[in-house]
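Here's a quick tour of the model you're about to open. Have the viewer ready and follow along topic by topic.

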Amino acid sequence: MSESHAPTSGAMEGSNAKRGLWSSRLTFILAATGSAVGLGNIWKFPYITGENGGGAFVLVYLLCIAAIGLPIMMAEVLIGRRGGRSPVNSLREIASYDRLNPAWRMVGAVGVLAGFLILSFYSVIGGWAVSYVGTAASGQLTGQSAEAVSAIFSDLLADPMTLLMWHTLFMALVMLVVAKGVRAGLERAVSILMPALFLLLLTVVGYAMTTGEFGRAVTFLFQPDFSKLTTSGVLIALGHAFFTLSLGMAVMMAYGSYLPKNISIAKTSIAVCLIDTCVALLAGLAIFPIVFANGLEPGAGPGLIFQTLPLAFGQMPMGSLFGTLFFLLLIFAAWTSGISLLEPIVEWLEEQKGMNRTVSTLGAGFVCWALGIASILSLNLWADFTPLGSIDMLEGKTIFDLLDFFTANILLPLGGLLVAVFAGWVMSREAIEKELALSEPMFRLWYITVRFITPVAVGAVFVYNLFGA
Ligand code: TRP
């Protein structure tokens, strides 16, 4: 893919031909995988699985990926390819083709808001990964006890200035790429660095097998115990399916607009979902044996990977090297995801507000960075500040927790719901059939899913959580 084919190169008005297409299906898969695979898989999935009791939660999560995430990803890609423009304009374009309400532009606005909020805390966690490169490289982890490793992590969280420094660095990395509008090199790097991350995860899984608790971890992850599943757990699993697949924010819509017409939307989406899920499950298999072998708490929260993986790197041969590489690759994965969070905002500012790319990147990046400071402070100075704590389900949630909850569990499913309704009820069926080019039974299955199953499932989970239990 040449530079001018990159999705960031001023995706404005014009036909597909003018904007250039992905050179191949692989390029799309690389870009979409770069966005999907990130902290969601390696940091968030294991810790929310631990907090929600394991097996039953994982099962619901996998169901959400297959029955809701995949169909919505297909819907996003399909809308993007059909519209052939940036998300907001694609929706407007399709809406007027099919003579419908231009209010669908709102989907873009929901996406922009979600992007701001997610990136603000995403960058803080990205900063943790940056910090751990140094921790691993300096050999500090070698032979450490679980207590010492936990202390390294709590020291980091207790220090707002250090957190701010790494958060700033991470944000700068993201802004640099978005400002330049060059993705080509990065996408090529995905094809080398993602498999490398995969291999390193496998290495840690290999180590985890030697801890003697691998069987217990497998049981924990894959043997459902429904007594541990709560309604809020179901909402979290649903929200995470959107988060981990980068759905609900029109990112896949933007990427879809560059997908050549002759490439199967279903097959490419399945590939992205499979890769994403494998990385998450591998992360779980790497982490939980270490949790059990060291008597740690599965529900330890957002610090889980930083309290477990360093133990593995401290004990395995060449652990400092593997650890350094692992955190470098984790930064890379988070970086490509971070870019896909900022990119839609910048594109939106360019298109809707007529700002140039540099100015909009600086402006949007600054707002995310500043908002990130609230998340940093809620790890230390504001740790006891729970602004909406009087609401039952938000009890004990810091600003950081609230941002995470509101985006992943409310905004993204809402965005996904709008996409499903748009594809299922607004677009013409003929247009969709042509884009998807599925066999009749498969098309039916997909169509019923986006028209009925997704809206009902997302709606039911919402209603249940807000008014039930
Ligand atoms: N999917 C990424 C992860 O798992 C996060 C992410 C990147 C994202 N872009 C997104 C989430 C867009 C929602 C929407 O880490």
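Let's start inside. The largest nonpolar core has 165 residues, and Trp128, Phe326 and Trp446 are the ones that touch the most other members. Helix H6, spanning residues 106–137, puts in 18 residues, the most given to this core. Keep in mind that this is a predicted model, with a mean pLDDT of 89 for the protein.

- On the confidence side, 93% of the residues reach a pLDDT of 70 or more.
- Residues 1–18 are another story, with pLDDT below 50 over that stretch.
- That stretch still has 46 contacts in the model beyond near neighbours in sequence.
- Where pLDDT is low, the predicted coordinates should not be read in detail.

**Inside the fold**

- Which residues does Trp446 meet once neighbours within four places in sequence are left aside? They are Pro71, Met74, Ala75, Leu78, Ala423, Ile432 and Leu436.
- His240 sits in helix H11, which covers residues 231–244.
- Is His240 buried or exposed? With 0% relative accessibility, His240 counts as buried, because the cut-off for buried is under 20%.
- Not counting residues up to four places away in sequence, His240 touches Gly40, Lys44, Phe45, Ile48 and Tyr61.

**Loops on either side of H11**

- Asp225 is in the loop that runs between helix H10 (214–222) and H11.
- Asp225 has a relative accessible area of 30%, so it is partly exposed.
- Asp225 and Leu59 are 166 residues apart along the chain, yet their C-alpha atoms are separated by 10.0 Å.
- Ser246 belongs to the loop between H11 and helix H12 (251–256).
- Phi of Ser246 is positive, near 55°, and the residue is not a glycine.
- Ser246 has 12% relative accessibility, so it counts as buried.

- Where does Met318 lie? Look in the loop between helix H14 (304–315) and helix H15 (319–353).
- Met318 also has a positive phi, about 60°, although it is not a glycine.
- For context, most residues other than glycine have a negative phi.
- Met318 counts as exposed because its relative accessibility is 56%, and the cut-off for exposed is over 50%.

**Salt bridges**

- How many salt bridges are there? The count comes to 10.
- Arg357 pairs with Glu343 in one of them, with 3.1 Å between the closest N and O atoms.
- Arg357 is in helix H16 (residues 357–377) and Glu343 is in helix H15, so this pair ties together parts that are 14 residues apart in sequence.
- Both partners are buried: Arg357 has a relative accessible area of 10%, and Glu343 has 5%.
- Arg216 forms a salt bridge with Glu213, and here the closest N and O atoms are 3.9 Å apart.
- In that pair, Arg216 counts as partly exposed at 46% relative accessibility, and Glu213 as partly exposed at 23%.

- Glu440 and Arg444 meet through their side chains in a salt bridge, at 3.6 Å from N to O.
- Why are Glu440 and Arg444 separated by about one helical turn? Because they are four residues apart in helix H19 (residues 440–467).
- Glu440 is partly exposed at 36% relative accessibility, and Arg444 is partly exposed with a relative accessible area of 47%.
- The pair belongs to one network, in which salt bridges that share partners join Arg429, Glu433, Glu440 and Arg444.

How values were computed: Residues numbered from 1 in each chain as written. Predicted model: local features only at pLDDT ≥ 70, side-chain atom pairs only at ≥ 80, totals over all residues. Heavy atoms only, no water. pLDDT = per-residue confidence, 0-100. Contact = heavy atoms within 4.5 Å. Helix = DSSP H or I, 4+ residues; strand = E, 2+ residues; numbered from the N terminus. Buried < 20%, exposed > 50% of the residue type's maximum accessible area, 1.4 Å probe, protein only. Core = buried A, V, L, I, M, F, W, Y, C linked by side-chain atoms within 4.5 Å. Salt bridge = Lys/Arg side-chain N within 4 Å of Asp/Glu carboxyl O.
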